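These are my notebook entries on one structure. I set down what I looked up, in the order in which I looked.

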Amino acid sequence: MTTDDEKGARMAQMIQEHSENPEEEEERVSLDLNSMCKFSSQSDTKPIETSFPDEVLEHVLVFLTAHKDRNAVSLVCKSWYRVEAWTRHQVFIGNCYALSPGTMINRFPKIKSVTLKGKPRFADFNLVPPNWGAHLHPWVLAMAPAYPWLEKLLLKRMTVTDEDLALLADSFPNFKDLVLLYCDGFSTKGLGIIASKCRQLRRLDLNEDDIIDSGVDWLSCFPETTTSLECLSFECLEGPINIDALEKLVARCSSLKELRLNRTISIVQLHRLMLRAPQLTHLGTGCFSYDFRPEQATVLQVAFNNCKSLQCLSGFREVVPEYLPTIYSVCNNLLELNLSYAVMGSRELEQIVCNCPKLQRLWVLDSVEDAGLWAAAATCKDLRDLRVFPMDAREDGNGCVSDEGLVAISEGCPNLQSILYFCQRMTNAAVVTMSKNCQNLTSFRLCIMGRHKPDHITGKPMDEGFGAIVMNCKKLTRLAVSGLLTNKAFEYIGTYGESLETLSVAFAGENDLGMKYVLDGCRRLRKLEIRDSPFGDTALLSGLHRYEQMRFLWMSDCKVSIQGCMELARKMPWLNVEIIRENGYDDRLVEKLYVYRSVAGPRKDMPPIVITL
């Protein structure tokens with residue numbers, strides 16, 4: 001392969017594949033790329049050139065939207081590489097430090113939509129210091145003159161300032177969609193700038209962001225001519241909002257389909273908003289709390305009756321159980337129900353889910369207990385995605401769900417594809433049962449709270465349970481393991497995890513051999529994140545053959561030394577090897593290690609607590 005081809009291959013890896021988040025997924029286009037990519041079996045001494053004119057190829061590539069397929073097409077030959085770049089309008093970058101903004105701009109001159117990820121996922125668990133980096137500023141500064149036609153920006157775990165939002169609003173006159181997931185650094189002042197200046201805004205989606213309340217009434221900043229909004233979501237925003245301005249905005253936007261409210265919105269205010277937007281398909285209810293009055297329940301039920309297109313419900317921050325029957329009339333058409341902030345018992349959940357035969361996504365707190373999961377399994381036969389979050393996240397907390405709830409779901413929901421399950425007690429038998437009943441699983445994340453917990457009935461390690469998951473679930477791409485695990489579990493994962501792309505390990509493992517099994521066996525592994533596990537330098541250096549193909553490796557509170565990290569950096573200089581030291585310098589063990597591939601070299605915005613080797 002020529003030097004240009006090698007550069008293209010590395011670039012195709014940097015501009016990465018599809019994302020695991022629903023907001024970032026694109027429709028997959030079926031295409032037999034083997035019939036086009038014949039060059040892979042040709043001699044490396046003679047590059048392949050196709051006979052298609054560029055104009056013909058442009059018309060063909062318009063129908064190719066999936067990131068992986070486009071990346072593959074770009075490697076066929078130089079002309080395909082050039083035409084693919086010229087026709088691509090959206091780009092996904094899984095690590096903002098994998099390449100520079102200038103590299104992206106030079107590679108793709110006509111981008112209209114950018115998805116950009118920043119901090120490692122363990123930032124969600126406060127394992128990444130808040131001043132670590134992932135700043136949006138250099139990206140928006142570079143895109144402003146290069147992409148004046150930019151319409152969409154989706155950011156995840158990025159640090160965004162009000163100045164960034166102001167530059168964005170001033171630079172892109174056709175800007176339409178802004179989605180911020182787990183971002184921080186900005187305030188309601190920045191939201192006001194977006195509201196006032198982005199006159200064609202269709203989507204403003206704020207999800208799990210840390211937003212500063214600067215006192216700006218951002219909702220009143222929308223011009224009275226604003227009628228284009230299709231999605232407005234601010235569930236994560238703390239503090240009161242201008243309900244009168246919100247009502248007027250909702251009434252003006254007849255195309256509004258998604259409205260997710262924060263906890264300051266009462267049931268009375270929710271009712272008024274619903275009357276102005278009966279066309280909603282997605283609704284976040286706010287707190288769903290008010291002194292119970294039968295007449296208020298009656299008018300709220302009428303409002304729900306009029307919302308005949310509702311498919312997704314969320315919110316319920318402070319539930320008054322007496323108001324729950326008001327939503328029963330829309331449950332029959334629900335596809336998604338997010339109760340992850342609703343503290344309710346099994347009886348309340350049963351009364352809801354028994355009316356939800358079409359439900360495909362259900363997120364709940366473990367306060368629903370095993371009985372609530374039995375109720376869901378009895379009715380929601382087409383459930384695809386289940387997440388059970390802990391109400392008490394302490395290691396010694398009182399978990400309310402167990403192996404019995406997992407078995408119930410596996411027996412009642414054979415179409416399950418993704419599960420995240422926090423619990424205090426689990427058995428190998430329950431996990432084996434799920435592996436046999438739900439063989440379409442693509443994501444299995446079992447988080448057994450507490451360190452090194454065995455099968456709570458037999459007292460044995462959880463090896464056989466996780467082994468059954470990777471053996472029986474051939475489509476599995478994401479796995480999270482916990483509990484008492486020996487090297488046998490990791491040998492199973494390395495041997496049978498043929499499709500595994502993401503592996504998370506917490507408080508588990510026996511010795512270095514376990515990590516070596518994974519790195520030797522999981523050939524498609526892209527993301528490996530490990531915390532509080534006994535893996536050291538031998539394990540770290542056993543992956544030299546794998547790291548260049550991976551997006552990142554994260555290790556925190558393991559047994560990796562400074563010397564081991566330096567050896568990795570010496571042997572693989574094209575990787576960025578970063579050490580995070582929040583609690584002072586230790587000559588022996590590394591507190592946190594982040595390794596990722598990059599064509600941009602070491603980053604320039606490292607705080608003092610981050611060292612690049």
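**Entry 1. Two helices side by side**

I looked up how α15 and α16 lie, and they are roughly parallel to each other, because angles under 35 degrees count as roughly parallel, over 145 as roughly antiparallel, 65 to 115 as roughly perpendicular and the rest as oblique. Helix α15 covers residues 403-412 and helix α16 residues 428-437; they pack at an angle of about 10°, with axes 9 Å apart. Axes are lines fitted to C-alpha atoms, for helices over the stretch in contact, and the angles run from 0 to 180 degrees between N-to-C directions. Helices (H or I, at least four residues) and strands (E, at least two) are DSSP runs, numbered from the N terminus.

I noted that D403, L406, V407, I409, S410 and E411 of α15 make the contact with A430, V431, T433, M434 and N437 of α16. Contact means heavy atoms within 4.5 Å. The residues of this contact divide into six nonpolar, three polar and two charged. For these classes, Ala, Val, Leu, Ile, Met, Phe, Trp, Tyr, Cys and Pro count as nonpolar, Asp, Glu, Lys and Arg as charged, and the others, Gly among them, as polar.

I recorded the basis of the work: this is a predicted model, in which local features need pLDDT of at least 70 and side-chain atom pairs count only at pLDDT 80 or more, while totals for chains, interfaces and linings use all residues. Residues are numbered from 1 along each chain as its sequence is written, and side-chain values use heavy atoms, with hydrogens and water left out.

I asked how many residues of α15 are buried. Eight of its ten residues are, and α15 is mostly covered. Buried means under 20% relative accessible area, exposed over 50%, and partly exposed in between (1.4 Å probe, protein chains only). The buried residues of α15 are D403, G405, L406, V407, A408, I409, S410 and G412. They pack against α14, β14, β15 and α16.

I then turned to helix α14 (residues 369-379), where D370, G372, L373, A375, A376, A377 and T379 are buried. Their cover includes α13 (346-353), β13 (361-365), β14 (385-389), α15 and β15 (418-423).

Helix α7 (residues 162-171) is also mostly covered, with seven of its ten residues buried. I listed these as D162, D164, L165, A166, L168, A169 and S171. Among the elements that cover them are α6, β3 (152-156), β4 (177-181), β5 (184-187) and α8 (188-197).

I looked up helix α17 (residues 463-472) and helix α18 (residues 487-496), which pack at an angle of about 5° with their axes 8 Å apart. The angle makes α17 roughly parallel to α18. In α17, D463, E464, G467, V470 and M471 meet K488, A489, Y492, I493 and Y496 of α18. The residues of this contact divide into six nonpolar, one polar and three charged.

**Entry 2. Two serines**

S443 is in strand β16 (residues 443-448). At 7% relative accessibility, S443 counts as buried. Leaving aside neighbours within four places in sequence, I found S443 in contact with Q417, S418, I419, L476 and R478.

S346 is in helix α13 and is buried, with a relative accessible area of 18%. With neighbours within four places in sequence left aside, S346 is in contact with S367, V368, E369, A371 and G372.

**Entry 3. Positive phi**

Most residues other than glycine have a negative phi. A134 lies in the loop between β2 (113-117) and α6 (137-146) and counts as buried, at 0% relative accessibility. F507, not a glycine either, has a positive phi of about 55°. F507 is found in the loop between β18 (502-506) and α19 (512-521), and is buried with a relative accessible area of 12%.

**Entry 4. Cavities**

How many cavities of 30 Å³ or more does the structure hold? I counted five. A cavity is a set of points, on a 1 Å grid over the protein atoms alone, where a 1.4 Å probe fits but cannot get out; lining residues have an atom within 4 Å of a point. Grid points are joined across faces, edges and corners, and a volume is the space filled by probe spheres set on the points. The largest cavity has a volume of about 160 Å³. Its lining has 16 residues, of which K117, R121, R157, K527 and F552 lie nearest its centre. By class, the lining has three nonpolar, four polar and nine charged residues.

Terms used: On a 1 Å grid over the protein atoms alone, a cavity is a set of points where a 1.4 Å probe fits but cannot get out, and a pocket is an open set with protein on both sides within 12 Å along at least five of seven lines; lining residues have an atom within 4 Å of a point.
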